[in-house]
Amino acid sequence: MVRVLKVYPETLASELGLREGTELMSINGRSLEDFLDWEFLTAEDWFLLHVRQPDGEEIEFDIERPEGLPMGVELERPRVRRCANRCDFCFVDGLPAGLRETLYIRDDDYRLSFKYGNFATLTNLKPWDVDRIVEYRLSPLYVSVHATDVMARRHVLRNPLAPDIMEQLRHFGSFGIQFHTQIVMSPGVNDGEVLKRTLDDLYGLGASVLNTSVVPVGLTEFSKHHLVREPRAEECRAAIDLLEAKARVARAERGITWAFGADELYLRAGLELPSPEAYDDFQQVENGVGSVRFLQRKIAEHPEGLDQWGGRRVGVLTGSSMAPLMPLVLAPLSEATGAHFELIPLDNSLFGSTVTCAGLLPGSAFQAALRDRSDLDLALIPAESINENGIFMDDLTLDQLIATSPVEIRPSYWFVDALSELPESTQVVRPREFS
Ligand code: SF4
């Protein structure tokens, strides 16, 4: 059974009288477990839908779905599949105590991999899940491979029962399912020869593996430092050598780069980032792969009107990891807008200074940095640092941050997305006054 959270007007669901709290029981006699069943089974032209209304009335609808008419329901979120692994570098182990409960959940869910691009390890699949992935053709999936050698992978995942990922990928690949894959590189565990074999094996699976990326392991001060460490510059350079060798083969044979290093890998290696063209279609940009080149491209393709920012002052707040690369983005942004961008790198006051990515910055860090910055016309903060409910890692809300800051704040993914309009305050005479 899946419960309805919301029904949109002028949709099939509203015509049927479905409402908040309606329980969607089955379609064509198949009981519904989650949004996947709902989305795939309602894709038919005709189906029998059995529901239980909030007042307990059970109804069976015989539905012939008019072409193009959306079902129009929002469903309650599925209970997330728990992870079966215990990686030494797990983000959850690296959390300080006292954060909201949901942050301590280790999720590993192929359904969210398909729907949202979350990486999953496929180590917790039941036979029923395997059949479903095939039946519903859940493709592409985002898979954390880490290593194709079974023992090395079990070591990385700290899971002695982890199945052979190559067998799994081969099986799904034989049904046309494709994968974006990643390797979180832990030095001494899955770099060097293990990494080389992993790249060879994944590339050998042909078209089913769309690409792979290497992301250096990232730790907090609460992580298991006695078991795992971050890679050194020479280890990152060695990984990049392997990736670039594989990319040369892929370009010659398939016309794509296929093997990528995260920006962080290049940064730690002390090497220049690849050119924008080397990132194919930026398919792993949300994994930190090609983020800087992607931002540069977005600026180059910017919509008209950015020059209205001429002479204004914009603060760009970010994690310290991106700070060394930010001039590569802010220089073209200044040129396109005429504004002065001030880079404000922040230390992570919640996780410790070793956590340098923007997405994990707490609201209090932004609050402290902006408290006295009424000289700015606008402050851009990374949109990844708030969740879909507008809450930072430390439970401060975006609204609270805005209310306590003397400068307009806008969350932004790629800068130009937040610069379409001037701040209200700067369309009138400055300076502003704050109580
Ligand atoms: S797969 Fe590893 S890193 Fe991911 S949630 Fe599980 S234990 Fe943590």
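Mentor: A residue is near a molecule if one of its heavy atoms lies within 4 Å of it. This is a predicted model, in which local features need pLDDT of at least 70, side-chain atom pairs count only at pLDDT 80 or more, and totals for chains, interfaces and linings use all residues. Residues are numbered from 1 along each chain as its sequence is written, and side-chain values use heavy atoms, with hydrogens and water left out.

Trainee: Which residues surround the ligand?
Mentor: The ligand is surrounded by C83, N85, R86, C87, C90, R106 and T121.

Trainee: And by class, what does the shell have?
Mentor: Three nonpolar, two polar and two charged residues form the shell around the ligand. Cys counts as nonpolar here, and Arg as charged.

Trainee: Turning to D88, where is it found?
Mentor: D88 lies in the loop between strand 6 (73-75) and helix 3 (110-116); helices (H or I, at least four residues) and strands (E, at least two) are DSSP runs, numbered from the N terminus.

Trainee: Is D88 buried or exposed?
Mentor: D88 is buried, at 8% relative accessible area. Buried means under 20%, exposed over 50%, and partly exposed in between (1.4 Å probe, protein chains only).

Trainee: What does D88 touch?
Mentor: Not counting residues up to four places away in sequence, D88 touches V156, R158, K224, L227 and V228, where contact means heavy atoms within 4.5 Å.
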